[in-house]
Amino acid sequence: MEVNQIDIEEIVKKILNDLKSEPKENIKENDSTIPSTCRAAVLTDVKKIEVKEFNIPEINDDEMLVKVEGCGVCGTDVHEYKGDPFGLIPLVLGHEGTGEIVKLGKNVRRDSAGKEVRKGDKIVTSVVPCGECNICLNHPDKTNLCENSKIYGLIPDDNYHLNGWFSEYIVIRKNSTFYKVNDMNLNLRLLVEPAAVVVHAVERAKTTGLLKFNSKVLVQGCGPIGLLLLSVVKTLGVENIIAVDGDENRLNMAKRLGATELINFTKYSNVDELVEAVKKASDGIGADFAFQCTGVPSAASNIWKFVRRGGGLCEVGFFVNNGDCKINPHYDICNKEITAVGSWTYTPQDYLTTFDFLKRAKEIGLPIEELITHRFSLDKMNEAMEVNMKQEGIKVVYINDRF
C-alpha cells in the first residue's frame, strides 16, 4: 500500500490534535467560562446585607476557586447579622456551603480524607486550624479548640473578598480542610456542616458511657441542630427519645425523625410542671441523658432538672454568649451525680462520620432532607435572615440561582 505526501500530512495533523487534547485537566479552555467578576452578599452593618460585585482573584498553587451551589443559614450567621458579636463587619457570611471546583492550584491534589480531587468535583469545607497554638501542636485530635481557628463565612473582608459561602464564588485557601462529596445530592451537602456539629456532640456524649440502646434520651430544642441531633441518636439505635420544644410543627417533625414522646413546654405553667411531664415520659425518674440544643439561658438551667440521678447531659446550644444561667450545685449536680460534657463545633475527622450518618439516615427512611423548608437567592439574604429569626419553617438556605 502506497502512502502519499497528503496522507502523511493528515496523519501528522491527527496525531498533533490528539496530543493537544490530553490531558484535559491541563487545558485552560474551561477557564473562559469563569467570569472576571461575581456577586457576594456582604454584611456591611447590623441587619444590613448588600450584594456587591467583586473581581474574582487569581488563585495560587495552593488554592482552589469554587463555584458556590448553595449554603445553609446558621444561627451563628443570624447572631452576627443581628449584633456583630464577633466584631467582623464587613464580611461575607455563610459557612454551611457547598460547590464545584472550577479552578485548582497545582499543589492541591487530594482532599482532607486523601481522595483525589479534580475540577468538577463537589466539595464542602471544614475548619482552618492555625497549626501553631497549644491545641494544634499538642492535641491535634481536638483542632475544634484551636485558639486561632478560622472558618469560611466568619473571616473579615480582605483583598480576596470571597471568604464566605453567601457568594457566587469562594476562594479556598492553603491549609483548609475540605472534602469531596460527589456522591451526595445538594440537600444532603447543605446539611453536612450542621450535622457535623451534632455528630461531634454525640461523640462527646458517648464518652460518658450513658448512651445505650435502651437509654431514655431527651433533646431540648427542635430547631435544625436539635432535629439533626435527634436523627443521629435515632440512627444509633436509641428507641426512647423525648423531644421538648414550644412549636408544634417542629415537634411533629421530631416525631417523624424518631421521637417517641413530645413535650410542648408552652402548655406548662412552671418548671416544676414541666419536670413532672419529663418524668412521666421517662418511667417517673427522668432522662438517662439530655441534650440542650437551644441558646436560651433558662432552657440551659432547666435541662439539669430533666436528668435522673446518675444521668448525664451535653450542652450544645451556646455558640455565642447569650448570658448566664442559674443552677443549684447541690440539687442539680452533686446530689444527682450528673456527668456533663460541653460540645464545641467539630473536628475535621467528625466530617467522615457525618457523611455516613446522613447516608444512613436516608437509607432508614428518615425525612432528613425535609428539614430544608426555605430557599432564597443572593438578592434575598436580608429576608432569609429575618425568616430565620422568626423561626418560620426549619432550615433556611441560600441557593445560587446562577449556578
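Student: How much accessible surface does the protein chain have, and what share belongs to carbon and sulfur atoms?
Tutor: About 19200 Å², with 48% belonging to carbon and sulfur atoms. Areas are by the Shrake-Rupley method with a 1.4 Å probe, and for residues only the protein chains shown count as cover. Keep in mind that this is a predicted model: local features need pLDDT of at least 70, side-chain atom pairs count only at pLDDT 80 or more, and totals for chains, interfaces and linings use all residues. Residues are numbered from 1 along each chain as its sequence is written, and side-chain values use heavy atoms, leaving out hydrogens and water.
Student: How many helices and strands?
Tutor: The protein chain has 12 helices and 16 strands. These are DSSP runs, numbered from the N terminus: helices are H or I with at least four residues, strands E with at least two.
Student: And what percentage of the residues is buried?
Tutor: 49% of the 403 residues. Buried means under 20% relative accessible area, exposed over 50%, partly exposed in between (1.4 Å probe, protein chains only).
Student: Switching to rings. How many aromatic pairs are there?
Tutor: The search of the whole structure gives 7. Rings of Phe, Tyr and Trp (its six-membered ring) pair if their centres lie within 6.5 Å; planes under 30 degrees apart are stacked, over 60 edge-to-face, the rest tilted.
Student: Why is the Phe289 and Phe291 pair called tilted?
Tutor: Because their planes are at 55°, with the ring centres 5.0 Å apart. Phe289 is buried, at 0% relative accessible area. Phe291 is buried too, at 0%.
Student: What about Tyr351 and Phe355?
Tutor: Their planes are at 90°, so that pair is edge-to-face, with centres 6.2 Å apart. Both residues are buried. They lie in helix α11 (residues 348-363), 4 residues apart, about one turn.
Student: Now α12. Which of its residues are buried?
Tutor: In α12 (residues 381-389), Met381, Ala384, Met385, Val387 and Asn388 are buried. Down the axis they fall within an arc of 160°, so they line one face of the helix. That arc is taken from the directions from the helix axis to the C-beta atoms.
Student: What covers them?
Tutor: The cover includes β1 (37-45), β2 (48-55), α2 (75-83), β15 (372-376) and β16 (395-399).
Student: And what follows α12?
Tutor: Gln391, with a positive phi near 55°.

Methods: Contact = heavy atoms within 4.5 Å.
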